[in-house]
Amino acid sequence: MTPIRFSLRSKLALMALVLLALPWVGYQYVQEMERFLLDGQRQGLIATARAVATALHERPQLFGRTPGSSTVSLSDSLLPGEEVLELAIASMPEQVPAEPPRPVIPARPVDGAAEVSAILRALERNTARIWVIDRDLDVITHTGSLAPPATPAAGPLQSFWHGLLGSVGLRPDTPAAQLADIPPPSGQAISGTLFGATTSWLRPVSGTDVLIVAAAHPVWVADRVQGAVVVEESTLAIQAVRDQAVERLAWLTFAGLAIAAGVVLGFASRLSWRIRTLRDEAESAIDARGRITGLTSASTAGDEVGDLSRSFSTLLGRLAQHHGYLETIASRLSHELRTPVAVVRSSLENLQLETLPPAASTYLERADAGLRRLTRILARMSEATRMEQALATTDPERFDLCAVVAECVQGYRLAHPGRVFDAGLPDLSVWVRGAPDLAAQMLDKLVDNAVDFARADSAIRLHLSVSGHHAHLSVSNLGPCLPASLEGKLFDSMVSGRGSDATGEPHLGLGLYVAQLIAGFHGGRLAACNLPAGDGVVFTASLHVVTDGGTESVRQQI
């Protein structure tokens, strides 16, 4: 299975997804802030209830009691222990048959209600309700409302944004009428206050996530609790602050992610472009024959990519020096050995003129054979150098490659009478630009290689075809396949897959190298591969064809 390939930009984009954790952290902070504000609201309501209750302390006439009166009501005649027992039972519904809590009943006319209302009027607020009740859970008076004040209508964009937040539960839509109809607290909720304790609680509003925060404080007359002050307020103000914070967080998150994504993608694109440029320069620095045609320009950047570019430039410079040495070693050796060989040849010629014993003639013949062999080796070593010089000075011309191949095939049949040559040539002319004698020399190298490796009873096939702007000339033979060790370097100089021929003369691996030079002169290249059946090898020369007008030129690759 082909592995999934991720580009550098894709990887950096995936890494940028870590930034999505920032909105989650921000939302957690907003929730923590909401809990802090809710606790502050509870403490504020407790303080308000305590302040109102302080104003009502030690005023029995406000709760229908007459100071100094000898008349005692039934509730006033209960002992403290009996009173606590009675209220404790009422406040523990899980131990008695369940019955709905008794809500506070509407206010009844009592003495002192007008005075209590006058006290509460100074504390009246639009977003809070204040209740004053007596020991019988009867409302003496109340003021305020839980409904928020009217706000101006939101614009289209704000309405859309609020609707979007409401769809995910971040901005509840609570009608003002729904908050105005909230019933008063139950007697069970404030029963603890009538014991003398300051209490606070939360109760939800049905169908919304709005909460009603309530606090109750007892009102004392002497050492008895005569009533309680209950202050209620909704959490709409806190939720408004929360929604504004979430809204700002969302906008800042979107803006931050957009900026971060742009910066990351820009950085990744710039880095990818620099790496691709370095790759293209490295690939174009070496041509198909392994020659270093140009060095990459070392980058002046101080980062790792710049260091890699400078390392490539240094490496290619050293390879160019070594490659130049390898290219000239053959000509240097032939030049240095030419004089010693001439000395040895002249010495042998002088010895042949002298009268020698019969036993010395044998050694003289061996020396002469070795000298001839050494001369042929030097000639082949000089061939590549002479070929490069010849290609550099040869003027290309337009010629028919099909005619050249047909003429060469006839010569091969005469030169190798024991071999069978099958030629597959097109009926039309195949025009290329170059040198016909050099093209014939290239074909000679390929055919000589095929003759050396082909089986004795097999035919050598030559095939010429045209595809697009290239002519494909192939030479195939049945025999051993190409060794894996020569893959990619078969056409290099001084590389050979053979040890020696029938005469024992070594091969220097220059034949295919010269053929590759000639193919490059004709605007093409050589390639070698095994036959599909695995029983032989095919060499293919792809040469650039020209039009009938001959206006296309050949690029010099020497």
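**Ground rules**

Residue numbers start from 1 along each chain as its sequence is written, and side-chain values use heavy atoms, with hydrogens and water left out. Because the model is predicted, local features need pLDDT of at least 70 and side-chain atom pairs count only at pLDDT 80 or more, while totals for chains, interfaces and linings use all residues.

**Stop 1: the whole chain**

Select everything and colour by pLDDT, the predictor's confidence in each residue, from 0 to 100. The mean for the protein chain is 76. Of its residues, 73% reach 70 or more.

The chain has 13 helices and 12 strands. Both are DSSP runs numbered from the N terminus: helices are H or I with at least four residues, strands are E with at least two.

Buried residues make up 34% of the 558 residues. Buried means under 20% relative accessible area, exposed over 50%, and partly exposed in between (1.4 Å probe, protein chains only).

Now consider contacts, meaning heavy atoms within 4.5 Å. Among those between residues at least 6 apart in sequence, 69% join residues at least 24 apart.

**Stop 2**

Select residues 80-90. This is helix α3, where confidence is lowest, at a mean of 35. Strand β4 (residues 211-221) is where confidence is highest, at 92.

Then select residues 549-558. Here pLDDT stays under 50 as well, and the model has 25 contacts beyond four places in sequence. Where pLDDT is low, the predicted coordinates should not be read in detail.

**Stop 3: the antiparallel sheet**

Select β1 to β5. These five strands form an open sheet in the order β2-β1-β5-β4-β3, with antiparallel pairing. Two strands pair if DSSP finds at least two bridges between them. The edge strands, each pairing on one side only, are β2 (139-144) and β3 (199-204). From one strand to the next, the twist averages 20 degrees.

Zoom in on β3 and β4. They pair in the antiparallel sense over six bridges. P204 stands opposite L211 in β4.

Axes are lines fitted to C-alpha atoms, for helices over the stretch in contact, and angles run from 0 to 180 degrees between N-to-C directions.

Go across to β1 and β2. Their antiparallel pairing runs over five bridges. V132 has T141 in β2 as its bridge partner. The two strands form a hairpin with four residues between them. Pick L137 in the turn: its phi is positive, about 65 degrees.

**Stop 4: the mixed sheet**

Select β7, β9, β10, β12 and β11. In that order they make an open sheet of five strands with mixed pairing. β7 (420-424) and β11 (525-530) are the edge strands. Here the twist averages 15 degrees from one strand to the next.

β10 (residues 470-478) and β12 (residues 536-544) pair in the antiparallel sense over nine bridges. L478 has G536 in β12 as its bridge partner.

Two helices pack on this sheet. α11 touches β7, β9 (459-467), β10 and β12, and its direction makes about 165 degrees with that of β7. α12 touches β7, β9, β10, β11 and β12, at about 20 degrees to β10.

**Stop 5**

Select α11 (residues 401-415). Its 15 residues reach 21 Å from first C-alpha to last, close to the 21 Å expected at 1.5 Å a residue. The expected span is 1.5 Å times one less than the number of residues.

Which residues of α11 are buried? L401, C402, V404, V405, C408, V409 and Y412. They cover an arc of only 150 degrees around the axis, so they lie on the same side of α11. The arc is that of the directions from the helix axis to the C-beta atoms. On the face turned away from the buried side, look for the exposed residues E407, Q410 and L414.

Move to α12 (residues 436-453). Its end C-alpha atoms are 26 Å apart, which agrees with the 26 Å that its 18 residues should span. Its buried residues include L438, M442, L446 and N449.

**Stop 6: H469**

Finish in the loop between β9 and β10, where H469 sits. Is H469 buried or exposed? It is exposed, because its relative accessible area is 52%. Leaving aside neighbours within four places in sequence, H469 is in contact with L543, H544 and V545. H469 and V545 are 76 residues apart in sequence, yet 5.5 Å apart in space, C-alpha to C-alpha.
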